[in-house]
Amino acid sequence: LIHLYRCKTLQADFDKDGDIDFADWAIFTNYWNMTEYNDKKEADLNNDGQVNIDDISWILANWLLKIK
């Protein structure tokens, strides 16, 4: 369970700076409501084929966490 949690935390760190913050949120919003994408798949955090409210829950669950 801990391994999956850390994986999702890393997954929401779009700017790869080791934390989930406003910079990641700004990147995420560029993908909002996308259903067809190629290089934007990273924003589909729950892998359901859409970037939507369900993906926001991953970001909010990890908000301001830092990866060591």
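**Entry 1: surface and overall layout**

Accessible areas here come from the Shrake-Rupley method with a 1.4 Å probe, and for residues only the protein chains shown count as cover. I looked up the total first: the accessible surface of the chain is about 4,700 Å², and 59% of that belongs to carbon and sulfur atoms.

A note to myself on the source: this is a predicted model, where local features need pLDDT of at least 70, side-chain atom pairs count only at pLDDT 80 or more, and totals for chains, interfaces and linings use all residues. Residues are numbered from 1 along each chain as its sequence is written, and side-chain values use heavy atoms, with hydrogens and water left out.

Next I checked the secondary structure, with helices (H or I, at least four residues) and strands (E, at least two) taken as DSSP runs numbered from the N terminus. I found 3 helices and 0 strands, and the pattern along the sequence reads α-α-α.

How much of the chain is buried? I used these classes: buried is under 20% relative accessible area, exposed is over 50%, and partly exposed is in between (1.4 Å probe, protein chains only). Of the 68 residues, 34% count as buried.

I also looked at contacts (heavy atoms within 4.5 Å). Among contacts in the chain with a separation of 6 or more, 48% are between residues 24 or more positions apart.

**Entry 2: the aromatic rings**

For rings of Phe, Tyr and Trp (its six-membered ring), a pair needs centres within 6.5 Å; planes under 30 degrees apart are stacked, over 60 edge-to-face, and the rest tilted. That rule gave me 5 aromatic pairs. One of them is Trp 25 with Phe 28, a tilted pair at 5.8 Å centre to centre with 35° between the planes. I traced both residues to helix α2 (residues 22-29), where they sit 3 residues apart, about one turn of the helix.

Trp 32 is partly exposed, at 35%. Putting it together, ring pairs link Phe 14, Trp 25, Phe 28, Tyr 31 and Trp 32 into a cluster.

I found Asp 24 in helix α2. Lys and Arg count as positive and Asp and Glu as negative, with His and the chain ends not counted. A salt bridge needs a side-chain nitrogen of Lys or Arg within 4 Å of a carboxyl oxygen of Asp or Glu. Asp 24 is buried without one, and the nearest side chain of opposite charge, Lys 16, is 7.6 Å away.

What does the side chain of Asp 24 reach? I saw that it reaches the backbone nitrogen of Asp 21 at 2.9 Å. Leaving out residues up to four places away in sequence, Asp 24 touches several others, including Ala 12 and Phe 14.

Asp 44 is in the loop between α2 and α3 (53-61). Asp 44 is buried too, at 2%, and its side chain reaches the backbone nitrogen of Gly 49 at 2.7 Å.

**Entry 3: positive phi**

Most residues other than glycine have a negative phi. I therefore jotted down Lys 16, exposed at 58%, in the loop between α1 (2-11) and α2. Its phi is near 55°, a positive value. Asn 47 also has a positive phi, near 55°. I placed Asn 47 in the loop between α2 and α3, exposed at 51%.

Technical notes. Polar contact = N/O pair within 3.5 Å; in protein donor to acceptor, adjacent residues only side chain to side chain.
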